[in-house]
Amino acid sequence: WADLDVRVQTKGLQMNQGLLDQIRPVAKKLQRIRFWRAFAVIAVVTAIAGWLMKEQVDDGLVLGWTLALVLLGIALGSALIASLICRFSYRNPRHIARQIEERFPNLDGRLLTALSQQGESLGYLQRRVIGEAKEHSHRNRWSDAVSSGQLALSRLSGLAAFALLAVILTMLAVSEARLEPAVASRSDRSSDVQILPGNA
């Protein structure tokens, strides 16, 4: 969150650290939801890629276990990148404040107003707005601006997608190249071939 304060200060705004501390849990929830959704997409796309390449494994063009390891590495690497991206998302406190204001209409814009205060010395009305926003945060759980159901649903979708990926990768790892039908039919007919004298 140090980077959040740096960003705010570079815009010439004097933010109240107490309000930022109350906003932080909401940002963390939003980051987790974004990560699980991104992870679900990564897992599903990787699983589809594995399913589409299964025919090449069956034809003996690609080793199944090697392909499974490569796809697993791609999925985990992509998930790591997504985790880093999501960790640095939702750094704008005003974006989060808007969601809190939508969840708690009785704030009447006081949170956004409080976050907009600047200058070294604040007037009475400015301090009062900040105080009212702080008091509201103590009386209400701002983290409820993002429902726990959303977080649970995003986590469930991510885990379900990973389970699908695990099934596909296991299928690839245990797959063996099938014998070509043409080769099999030729080998079956070889015992029926008769050589007759004078037969060209």
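Is W36 buried or exposed? Hi everyone, let me start with that residue and then zoom out. This is a predicted model, so please keep that in mind as we go.

W36 sits in helix 2. Its relative accessible area is 17%, and buried means under 20%, so W36 counts as buried. Who are its neighbours? Leaving aside residues up to four places away in sequence, W36 touches S154, R155, S157, G158 and L159.

Now the whole chain. The secondary structure comes to 9 helices and 0 strands, which reads as α-α-α-α-α-α-α-α-α from the N terminus on. Of the 200 residues, 33% are buried. If you take the contacts with a separation of 6 or more, 77% of them join residues 24 or more positions apart. As for the surface, the chain exposes about 12400 Å², with carbon and sulfur atoms supplying 60% of that area.

Let's go inside. As a general point, nonpolar side chains tend to be buried together in soluble globular proteins. In this model, the largest nonpolar core has 22 residues, and the ones with the most contacts inside it are L19, V26, I96, I100, L111 and W142. Helix 2 (17-52), helix 5 (93-103), helix 6 (110-115) and helix 7 (124-139) are the elements that give two or more residues to this core. The largest share comes from helix 2, with 6 residues.

What does W142 touch? Not counting residues up to four places away in sequence, its partners include L19, I23 and V26, along with I100, L111 and H136. Apart from this core lies another one, of 15 residues, among them A40, L67, A82 and L172.

My last stop is a helix pair. Helix 4, residues 64-87, packs against helix 8, residues 148-174, at an angle of about 155°, with the axes 7 Å apart. Angles over 145 degrees count as roughly antiparallel, so that is the label for helix 4 relative to helix 8.

On the helix 4 side, the meeting residues are G64, W65, L67, A68, L71, L72 and A75, and helix 8 brings L165, L169, L172 and A173. By type, the residues of this contact divide into 10 nonpolar, 1 polar and no charged.

Note on methods
Residues numbered from 1 in each chain as written. Predicted model: local features only at pLDDT ≥ 70, side-chain atom pairs only at ≥ 80, totals over all residues. Heavy atoms only, no water. Helix = DSSP H or I, 4+ residues; strand = E, 2+ residues; numbered from the N terminus. Buried < 20%, exposed > 50% of the residue type's maximum accessible area, 1.4 Å probe, protein only. Contact = heavy atoms within 4.5 Å. Areas by Shrake-Rupley, 256 points an atom, 1.4 Å probe, with all protein chains shown as cover. Core = buried A, V, L, I, M, F, W, Y, C linked by side-chain atoms within 4.5 Å. Axes fitted to C-alpha atoms, helices over the stretch in contact; angles between N-to-C directions. Parallel < 35°, antiparallel > 145°, perpendicular 65-115°, else oblique. Nonpolar A, V, L, I, M, F, W, Y, C, P; charged D, E, K, R; others polar.
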